[in-house]
Amino acid sequence: MNIFKIIDEIQQVDGDAVERLQHATRRSFMTKFSKTLTAAAVPTAMAGIFNKAYAFTPGAIEVLKFALALEYLEDDFYKMGNAAPNLIPAKYKAVFNQIGKHETQHVNFLKGALGAAAPAKPAFDFSAGGAFPNPFGVFDTFVFLSHAFEDTGVRAYKGQAGNLMAKEDEPLLDYALQIHSVEARHAAKSRDILSEIRNNDRIKPWITLDEGSPKPVYAGDENTIQGGVQIIGIAGKSLEAVTESFDEPLTKEAVLAIVKPFIK
Amino acid sequence: MDVVNRRFFLRSAGLAAATGAFIMQSCIKDHDLGPGGTGAVNLGTGDIGILNYAYALEQLEAAFYIQVIATPYSGITDKERRFLTDIRDHEVIHREFFKAALGAAAIKGLSPNFTGIDFNSRASVLGAAKTFEDTGVSAYNGAGILIQDPGYLLLAGKIVSVEARHAAIIRDLLMPNTISFAGDDIIDGNGLDLLKRPSEVLPAIAPFIYDTIDASGLPTP
């Protein structure tokens with residue numbers, strides 16, 4: 001089977017085909033082919049790669065790119081943290097290794113979904129220009145940044161769900177929700193560790209009002225209007241409990257403003 | 001008994017006419033549902049059906065944690081009591097929110113069946129909590145594509161991450177500082193959480209509810 005011939009044929013029908021399949025992908029695709037795939041597996045692999053570029057709406061592709069940018073940040077953050085000597089106490093190592101593993105998986109998964117459209121990984125500065133000195137030398141700073149990144153991730157995915165409602169994007173909505181709840185699990189445990197090392201019970205696995213730092217990560221989480229209805233006092237419960245019961249979304253712009261200081 | 005249910009009942013009865021005992025039992029079962037009982041609880045169709053589906057899950061969770069806090073297991077720690085009380089409040093708020101949002105379209109209050117749970121046992125209670133929370137996460141994740149209204153999808157998103165926080169911390173109470181909070185038993189090799197459609201979730205929770213739930217009107221993928 002001549003793969004380049006097939007690509008050329010597609011290009012005759014759709015002039016954008018090669019652009020969508022950029023050189024990098026073609027090269028890695030070829031390497032994979034020659035090394036690992038048997039002839040019988042070729043058609044399936046082809047279908048997979050070609051479908052990715054064509055299957056989703058442009059809006060959904062933007063969501064994937066945005067998600068990948070956040071996952072790159074988290075992945076690098078935990079890679080550096082987990083590799084740093086004397087940073088993470090032995091009792092918490094398993095937790096942060098597990099979180100890091102998932103972020104790497106998310107990066108690979110999103111890159112796979114985007115194919116050639118995947119943006120390159122930016123360079124990060126986790127001190128945010130010195131605002132958080134020595135993030136991989138001081139455990140408190142590391143956990144602080146971890147909980148902020150995870151809570152931001154939860155709010156970011158939540159804010160994008162509505163952009164994945166087209167019929168052809170259905171698989172992406174499934175995946176996005178599945179990543180979203182993993183980030184929430186991470187956030188809960190990271191917050192629990194922050195609470196423990198700071199000996200502060202006000203930091204709970206869930207977000208109370210808009211309490212927390214950095215402020216923009218928690219802005220608006222004190223919202224009490226759900227489905228257009230004011231629910232203060234519902235079931236006789238406290239305002240704290242009412243706000244803890246609903247995690248609020250963040251817009252893409254708000255999320256980008258939060259992560260911008262961490263991008264070189 | 002409305003028309004549909006009566007017809008269904010009569011058909012069932014007809015099929016089993018040879019065994020009088022079966023008919024008798026059906027009548028007894030129907031009678032047991034009480035004054036509001038009309039046989040199976042029908043969730044409805046479209047987004048209303050999905051909201052009722054969520055309402056059913058939240059009813060179950062709320063009832064469970066109310067019992068947990070009313071009769072705490074022996075040896076409960078301060079931290080555990082604090083977390084479980086918070087979670088009870090969240091689930092009650094979710095339940096009451098759905099009830100209010102659904103208004104006249106809301107299903108009735110379900111009768112939970114917790115006979116399999118030993119509320120005096122930490123392992124039994126936290127084990128059941130883990131099941132309920134993981135099930136809740138999987139159910140909301142799997143309901144996403146079935147929702148038509150973006151506002152409802154956002155609402156489901158606002159709630160599912162809170163359920164995931166619960167799930168993580170319950171798992172961590174059982175196995176502190178291990179990978180269990182987001183364990184390999186629930187997160188797959190792509191880093192994706194559980195996702196289940198109503199057709200998988202409802203049979204899983206059926207043992208915990210005395211009522212029969214009719215999900216035939218729910219949207220399907």
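So, how many residues does the contact take from chain A, and how many from chain B? It takes 49 from chain A and 43 from chain B. Before I go on, please keep in mind that what you're looking at is a predicted model.

Let's stay on chain A's side of that contact for a moment. Four helices, α6, α7, α8 and α10 (239–244), each put in at least two residues there. Which of chain A's elements gives the largest share? That's α8(A), with 17 residues on the side that touches chain B. And if you sort that side of chain A by class, you get 25 nonpolar residues, along with twelve polar and twelve charged ones.

Okay, over to chain B. It has seven helices and two strands. Chain B has 221 residues, and 43% of them count as buried. Now take the contacts in chain B between residues at least 6 apart in sequence: 75% of those join residues at least 24 apart.

Now for some backbone details, back in chain A. Have a look at the loop between α8 (170–197) and α9 (215–218), where you'll find A:Pro214. The peptide bond joining A:Ser213 to A:Pro214 is cis, with omega at about -5°.

That loop between α8 and α9 also holds A:Asn199. This residue isn't a glycine, yet its phi is positive, about 50°. Is A:Asn199 buried or exposed? It counts as exposed, because it has 7 C-beta neighbours inside 10 Å, and the cut-off for exposed is 12 or fewer.

There's another asparagine to look at, A:Asn134, and this one sits in the loop between α6 (90–114) and α7 (139–160) of chain A. Its phi is positive too, near 55°, and again we're not talking about a glycine. How many other C-beta atoms does A:Asn134 have within 10 Å? The number is 13, so A:Asn134 comes out as partly exposed.

Key: Residues numbered from 1 in each chain as written. Chains lettered and ligands numbered in written order. Predicted model: local features only at pLDDT ≥ 70, side-chain atom pairs only at ≥ 80, totals over all residues. Buried ≥ 20, exposed ≤ 12 C-beta atoms within 10 Å, placed from the backbone. Contact = placed C-beta atoms within 7 Å. Nonpolar A, V, L, I, M, F, W, Y, C, P; charged D, E, K, R; others polar.
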